[in-house]
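Colleague: May we go through this structure together, one question at a time?

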Amino acid sequence: PARALTAKEIMARKGGTPIVCLTAYVTPMAARLDKHCDLLLVGDSVGMVLYGMESTLSVTIEDMIRHGRAVTRGAKRAMVVVDMPFGTYEESKEQAFRNAARILSETGAAAVKLEGGVEMAETVRFLVSRGIPVLGHVGLMPQAVHTNGGYGARGRTVDEWKPIIDDGKAIAEAGAFAVVLEGVAEPLARKITDEIPVPVIGIGASNACDGQILVTEDMMGLFAINPKFVKRFAEIGNAIESAIEAYAGEVRNRTFPGEEHTYKMRGANA
Ligand code: KIV
Ligand code: NA
């Protein structure tokens, strides 16, 4: 049977074949993603994509555990990483450990992801040294939308670079096996990828990174919000709509259900 990729194996891909990552929230999609991806992220984007929330801030640890468990049931080879939701890790390294341990033990995932740079380095070191692999997340950090003023790209002027570089370095030095870099200009993404020793997984962070991640529903045309960095590899939303439209028409004109979908009586009554 196929064995899941480990944090160490992902880490060893620095500078090598690009690491293929997508988000996953449910079992049937996870099973399909598993055939082609190295890493599946159970992202807190689940709140916006599946539950219609306005931001990721209302997602709970129970939400993440429910979806994490669904994804590990569908994945065999890909490494499964679960996002720590807002408010479950920022207060102290002990709080972070307690909740990260709960996520790993209740979902079967192999690592957690948390947002933050220099200020979270101590927490990352605490988790990693106690058996919890951590995927970092720097650059645009959606859980900080209220303090950083929106979802616009970062590092488009050189004076914005230093804190973002410092964040990436701090998280890598603290022991993260890789770092997600979100929403930054290409020259900055290239510099961070060159300067930190662990893989940089980009989202809206150019082709210079060691790997890429997107929200699966975004790249399949299943979610309304479409920033510049999303390429639509399919138009699943349109396929869903035409199936529903066809069904509605056939119900209304009584062509569905047909003979082939209809139970007959057994034996003498037939
Ligand atoms: O929640 C999420 O989906 C994410 C990424 C897309 C990196 O954090
Ligand atoms: Na996230």
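The questions and answers below concern a predicted model.

Colleague: How do the axes of helix α5 and helix α6 stand to each other?
Modeller: The axes of α5 (residues 93–107) and α6 (residues 121–129) come within 9 Å and cross at roughly 45°. Angles from 65 to 115 degrees count as roughly perpendicular, and those under 35 as roughly parallel. The two helices, α5 and α6, are therefore oblique to each other.

Colleague: Which residues of α6 make the contact with α5?
Modeller: The crossing of α5 and α6 is right-handed. On the side of α5, the contact is made by Lys93, Ala96, Phe97 and Ala100. On the side of α6, the residues are Glu122, Thr123, Phe126 and Leu127.

Colleague: Is Ser206 buried, partly exposed or exposed?
Modeller: Ser206 lies in the loop between β7 (200–203) and β8 (211–214), and its phi is positive, near 75°. A residue is buried if 20 or more other C-beta atoms lie within 10 Å of its own, and exposed if 12 or fewer do. Because Ser206 has 17 such atoms, it is partly exposed.

Colleague: Is Arg254 buried or exposed?
Modeller: Arg254 is found in the segment after α11 and has a positive phi of about 60°, although it is not a glycine. Most residues other than glycine have a negative phi. With 8 other C-beta atoms within 10 Å, Arg254 is exposed.

Colleague: What is the peptide bond from Phe256 to Pro257, cis or trans?
Modeller: Pro257 is placed in the segment after α11 (236–252). Most peptide bonds are trans. With omega near -5°, the bond from Phe256 to Pro257 is cis.

Notes: Residues are numbered from 1 along each chain as its sequence is written. Chains are lettered from A and ligands numbered from 1 in the order in which they are written. This is a predicted model: local features need pLDDT of at least 70, side-chain atom pairs count only at pLDDT 80 or more; totals for chains, interfaces and linings use all residues. Axes are lines fitted to C-alpha atoms, for helices over the stretch in contact, and angles run from 0 to 180 degrees between N-to-C directions. Helices (H or I, at least four residues) and strands (E, at least two) are DSSP runs, numbered from the N terminus. Angles under 35 degrees count as roughly parallel, over 145 as roughly antiparallel, 65 to 115 as roughly perpendicular and the rest as oblique. A crossing is left-handed if the near helix is turned anticlockwise from the far one by less than a right angle, and right-handed if clockwise. Two residues are in contact if their C-beta atoms, placed from the backbone, lie within 7 Å.
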